[in-house]
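I opened the notebook to record what I looked up, entry by entry.

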Amino acid sequence: MKHVLNKVEKKFKMFQILNEEGKVVEKDDMPDLSDEELKELMRRMVYTRILDQRSIALNRQGRLGFYAPTAGQEASQIASHFALEKEDFLLPAYRDVPQLIWHGLPLYQAFLFSRGHFHGNQMPEGVRALSPQIIIGAQYIQAAGVGLGMRLRGKDAVAVTYTGDGGTSQGDFYEGINFAGVYDANCIFIVQNNGFAISVPREMQTKAKTLAQKAVAAGIEGIQVDGMDPLAVYAATKHARERAIKGEGPMLIETITYRYGPHTMAGDDPTRYRTSELDSEWEKKDPIVRFRKFLEEKGLWTLEEENQVIEQAKEDIREAIKKADQYPKQKVTDFIENMFEELPLNLQEQMEEYKAKESK
Amino acid sequence: MAQMTMIQAITDALRIELKNDENVLVFGEDVGKNGGVFRATDGLQAEFGEQRVFDTPLAESAINGLAIGLALEGFRPVPEIQFFGFVYETMDSINGQMARMRFRSGNTEHAPITIRSPFGGGVNTPELHADSLEGLIAQQPGVKVVIPSTPYDAKGLLISSIRDNDPVVFLEHMKLYRSFREEVPEGEYTIELGKADVKRKGKDVTIIAYGAMVHSALKAAEQLEKDRINAEVIDLRTVSPIDYETIVESVKKTNRAIVVQEAQRQAGVAANVVAEIQERAILHLEAPVMRVTAPDTIYPFAEAEHLWLPDDKDIIDKVKYVLNY
């Protein structure tokens, strides 16, 4: 009987297509992406790396507020999003701002989210997403509802949600995947396992050898993917999406990834719990480095192209921060206005009070 | 018109809304084939199908998470929490999530969700079934809390709650489910949320109550009439937001008031009512506004409910106290 655990774990071996040298190690599962699509995926990953570097700098200058660094997770975040369609609904966690941007949230609004302005959370018409979820796990049970709604409406669309390794310990994580399983809801659950929940290593969250195997508790499919490999993440997400819209139920995808930066910019110091050896070990696995090698080998990527993306990103960011600066400041009456469709008595009264204050 | 118990009026309201609006979905633990542990959803699955009325796994947090997600897909969810003592499992989905949906999205998303849940004492339920926890939700901006006390109110208020485009917690007192029948109009009608109702006109003292305490207050008022004390009884009906206009109007007439709740003194919403009165009508008061409440202990073991729950005698005593102040 002591082999029971081993048997389960064997089923969740890490799925990889590109190795660290950018060589294809799993030809059979190679996703069907055109040359232009491959280049676009690279552009988005490079852009997102620059966005992270600039966001950290802007945060340090006090020009951004809350910011959770993303460097290292580009394959996990961007390649998974690349497998989605416009009609898919995104339920991101607080680190998943890049997916929102590529789903259609204008950059200046992402910056307003960071600063704490409600306009940052106002998705433009047709952008199907919620703003980043701060309560870890809540996005999972909500995704089950969106996915069930899509199934009831007969839509060829999915709800996609993200959490981290620490988030898999929450009750809402289990409830979310379990509900989605019961209803065969159109859901993709992604666990971005970057090894740490703030300072707590992944091994302190659970004795389970993989996080993907937690899908077993819900009776749904689970897969562990090399989260530093854009092609593997894309292939897994694409597969999950196809299954879901066919009515075959939700899937749990664990991406093995790493965040080079701190947990957030709010004073977290990763040198207290992480060694520089560990950092450099993961830098060798960098998703951008290996994808660049892969594309260069195919003659699809040049240094000039990369520099163009970098310059474009920097310019967009400059423009966006300017636009965020110019956006009208919030008023208490805006907050009151956004509470209910029809204001109850107490808020009608307070509205008058604050209108008077604001007109002084 | 038909004679209905409160539970029948609730079922009737659900049936009307399921018929009126194809986006209405009813779900929760045992609400489908079983028709609910109190039969509130009896026959609804058979009539409207498993896609409209369905059971869920046993997990309150995800029931309301499911409601939020379904709302994002344009549905109008009416989930049930089997007993409101189980609300602790789903406080985040209610107070942390659906209450904030319109606000946090800058009015680009909303949550037209009505959570139905039974509560209330006097029927010897086991632990954490009868607790009055309306005060917890009443403190949360973004949710309305509705507590009917009659079959007529229950139907009109539930239809209004379901049609409301923001979240409503609709609390059903278990003792009132089948305790009496009342004429309830057939077909649809609505009662505006946030409006109190004067259940008995009077001129000497205002008794403000909600839930089962409305009936204790009415019983007390009848007794008081024998002593030539003429009490006005106001049923809050919505405990958040509070209809202080109706209350203040009454207090200006009677100059004396008490607030009656089944919840413990440190819980419920009585303190809010007292505060509104003293801010808005202190110069009309001949006596302090007093509260009739349960003691500040955990909800009692079943055998001792009758010793613990406030009743008409407590109300009579308190009215006499403010009249003789």
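I began with B:Arg228, which is exposed at a relative accessible area of 75%. My classes are buried under 20% relative accessible area, exposed over 50% and partly exposed in between, with a 1.4 Å probe and protein chains only. This is a predicted model, where local features need pLDDT of at least 70 and side-chain atom pairs count only at pLDDT 80 or more, while totals for chains, interfaces and linings use all residues. Residues are numbered from 1 along each chain as its sequence is written, chains are lettered from A and ligands numbered from 1 in written order, and side-chain values use heavy atoms, leaving out hydrogens and water.

**Backbone of chain B**

I placed B:Arg228 in the loop between α8 (213–226) and β11 (231–235) of chain B. Helices (H or I, at least four residues) and strands (E, at least two) are DSSP runs, numbered from the N terminus. B:Arg228 is not a glycine, yet its phi is positive, about 60°.

I noted B:Asn124 as well. Its phi is positive at about 55°, again without being a glycine. B:Asn124 sits in the loop between β5 (114–119) and α6 (134–138) of chain B. It counts as exposed because its relative accessibility is 52%.

Next I checked omega. The peptide bond between B:Ser240 and B:Pro241 is cis, with omega about 0°. B:Pro241 belongs to the loop between β12 (238–240) and α9 (244–254) of chain B. I logged these cases because most residues other than glycine have a negative phi, and most peptide bonds are trans.

**A buried asparagine**

Is B:Asn95 buried or exposed? B:Asn95 counts as buried, at 11% relative accessibility. It lies in helix α4 (residues 91–97) of chain B.

**Annotated stretches**

I read the UniProt record for chain B. Its unreviewed entry gives "domain: Transketolase-like pyrimidine-binding" over residues 4–179. UniProt positions are in the numbering used here, feature names are shortened, and annotations may be inferred rather than shown by experiment. In the model, residues 4–179 of chain B are 35% helix and 16% strand. The end C-alpha atoms of that stretch are 11 Å apart.

For chain A, an unreviewed UniProt entry places a "coiled-coil region" at residues 300–330. I found 77% helix and 0% strand there. The end C-alpha atoms of residues 300–330 in chain A are 46 Å apart.

**Chain A as a whole**

I counted 14 helices and seven strands in chain A. The radius of gyration, taken over C-alpha atoms, is compared with a globule rule of 2.2 Å times the number of residues to the power 0.38. For 360 residues a compact globule would have a value near 21 Å, and chain A agrees with 21 Å. Its C-alpha atoms fill a box of roughly 70 × 50 × 45 Å along the principal axes. Buried residues make up 58% of the 360. Of the contacts in chain A with a separation of 6 or more, 74% join residues 24 or more positions apart.

**A residue in α9 of chain A**

Last, I looked up A:Ala236 in helix α9 (residues 230–245) of chain A. A:Ala236 is buried, with a relative accessible area of 3%. Not counting residues up to four places away in sequence, A:Ala236 touches A:Phe15, A:Ile223, A:Val225 and A:Ile253. A:Gln16 is 220 residues from A:Ala236 in sequence, and their C-alpha atoms are 9.8 Å apart.

Conventions: Contact = heavy atoms within 4.5 Å.
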